[in-house]
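User: Could you help me read this structure? I would like to go through it step by step.

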Amino acid sequence: NSNNHYSKHMSTTPKPDTRFNDFVYLQAQNAGLFLGQLPNPATGEKNIKLKAAATVLDSLEMLAAKTQGNLTKEEAGLLEKALLNIRALYANVEDLG
């Protein structure tokens, strides 16, 4: 039966991809840099760039929306945690500004 053959290749369980975690960590690190949480590697100074941080946050929110239902439990948790942390930092820095 060709239907069975097709369904075997259509797995409903997302497969982990370490590149996804690496990407989320990199974006979270960028957000931390732009929100003054990390020193600039070139200058050693902490700078706040709200517009750049907002772009990172917006990109991760878009990624969350576009990948919904296609991530492993761990990947979804990592992305959710990154978004919560970045939103909190962003709001805090915005309030200080």
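This is a predicted model: local features need pLDDT of at least 70, side-chain atom pairs count only at pLDDT 80 or more; totals for chains, interfaces and linings use all residues.

User: How many residues does the largest nonpolar core have?

Analyst: The largest nonpolar core has 17 residues, and Phe 20, Val 24 and Leu 35 are among those with the most contacts inside it. Such a core is a set of buried Ala, Val, Leu, Ile, Met, Phe, Trp, Tyr and Cys residues joined through side-chain atoms within 4.5 Å. Buried means under 20% relative accessible area, exposed over 50%, and partly exposed in between (1.4 Å probe, protein chains only).

User: And which helix gives the most to this core?

Analyst: Helix 4 does, with 7 residues. Helices are DSSP runs (H or I, at least four residues), numbered from the N terminus.

User: What is Val 24 in contact with?

Analyst: Leaving aside neighbours within four places in sequence, Val 24 is in contact with Leu 78, Leu 79 and Ala 82. Contact means heavy atoms within 4.5 Å.

User: Turning to helix 3, which of its residues are buried?

Analyst: They are Ala 53, Val 56, Leu 57, Leu 60, Leu 63 and Thr 67. Seen down the axis of helix 3, these buried residues fall within an arc of 120° (taken from the directions from the helix axis to the C-beta atoms), so they line one face of the helix. On the other side, Lys 51, Asp 58, Ala 65 and Lys 66 are exposed.

User: What covers the buried residues of helix 3?

Analyst: The cover includes helix 2 and helix 4.

User: New topic: how many salt bridges does the structure hold?

Analyst: It holds 2 salt bridges, each being a side-chain nitrogen of Lys or Arg within 4 Å of a carboxyl oxygen of Asp or Glu. One joins Arg 19 and Asp 17 (2.6 Å, N to O). Another joins Glu 61 and Arg 87 (3.0 Å, N to O). Glu 61 lies in helix 3 and Arg 87 in helix 4, so this pair ties together parts that are 26 residues apart in sequence.

User: Lastly, where is Thr 72 found?

Analyst: Thr 72 is in the loop between helix 3 (50-67) and helix 4 (73-96). Thr 72 is buried, at 10% relative accessible area.

Definitions and conventions
Residues are numbered from 1 along each chain as its sequence is written. Side-chain values use heavy atoms; hydrogens and water are left out. Helices (H or I, at least four residues) and strands (E, at least two) are DSSP runs, numbered from the N terminus.
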